[in-house]
Amino acid sequence: MNSELMNSELAAELTRMAEEDHRTSADGLSDDFARQLAWRRLTARHGDRLAEIMDEHGWPTPALVGAEASRAAWLIAQHADRQLDVQRRALALMEQAAETGGADPAQLAFLRDRTYVNEGREQLYGTQIAGVRDGAPVPWPCVDPARMDERRAEVGIEPFAVHTARHAPPAAG
């Protein structure tokens with residue numbers, strides 16, 4: 001099988017996985033425990049498959065699978081919360097790829113924060129939200145919070161207040 005065909009097949013597989021993730025992600029917060037369990041099984045299955053892909057190809061860069069499928073791989077790594085080994089490996093491979101322009105700096109920042117939070121460490125960019133207090137999103141603890149927006153700008157992420165205002169739930173009326 002030629003590599004171009006294999007890469008398009010891999011791209012299609014990653015894209016399908018991300019589409020399935022999007023369709024079912026609300027189940028992770030469902031009151032229905034069976035739906036929660038199904039979501040956990042899905043993300044674990046996707047995390048396992050991403051690990052296999054990384055074994056064979058390294059990080060699925062845009063050059064290997066296209067931008068959409070590379071973003072899909074990042075989403076799968078983001079949601080592999082119960083597979084810290086997969087997140088750590090994806091983070092390391094994305095860091096290497098970023099050195100040559102093969103990974104999006106903003107996606108890398110989100111995965112770094114997600115991995116750090118899952119490790120019990122302070123995040124750098126404030127991308128991971130712990131909850132809502134007084135109607136406002138509150139990030140998990142962050143290294144040097146006064147410089148958080150500066151670090152966000154360095155990787156192309158909008159300021160925290162702008163992001164959370166745009167993504168806030170509508171006020172009850």
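Predicted model: local features only at pLDDT ≥ 70, side-chain atom pairs only at ≥ 80, totals over all residues.
A polar contact is a pair of N or O atoms within 3.5 Å; within protein, one must be able to donate a hydrogen and the other to accept it.

**Entry: Gln 123**

I began with Gln 123, which I found in the loop between helix 6 and strand 1 (129-133). Is Gln 123 buried or exposed? Its relative accessible area is 0%, and the cut-off for buried is under 20%, so Gln 123 counts as buried. Next I followed its side chain, which reaches the backbone oxygen of Trp 140 at 2.9 Å. I then looked up what Gln 123 touches, leaving out residues up to four places away in sequence. Among them are Asp 113, Tyr 116 and Val 117, along with Gln 128, Pro 139, Trp 140 and Cys 142.

**Entry: Pro 105**

From there I turned to helix 6, which covers residues 105-118 and includes Pro 105. I noted 44% relative accessibility for Pro 105, so this residue is partly exposed. I also checked Pro 105 against Val 117: they are 12 residues apart in sequence and 18 Å apart in space, C-alpha to C-alpha.

**Entry: helix 5**

How far does helix 5 (residues 84-98) reach from its first C-alpha to its last? I read 20 Å for its 15 residues, close to the 21 Å expected at 1.5 Å a residue. I listed its buried residues as Leu 84, Val 86, Gln 87, Ala 90, Leu 91, Leu 93, Met 94 and Ala 97. What covers them includes helix 2 (33-57), helix 4 (67-78) and helix 6.

Methods: Residues numbered from 1 in each chain as written. Heavy atoms only, no water. Helix = DSSP H or I, 4+ residues; strand = E, 2+ residues; numbered from the N terminus. Buried < 20%, exposed > 50% of the residue type's maximum accessible area, 1.4 Å probe, protein only. Expected span 1.5 Å × (residues − 1). Contact = heavy atoms within 4.5 Å.
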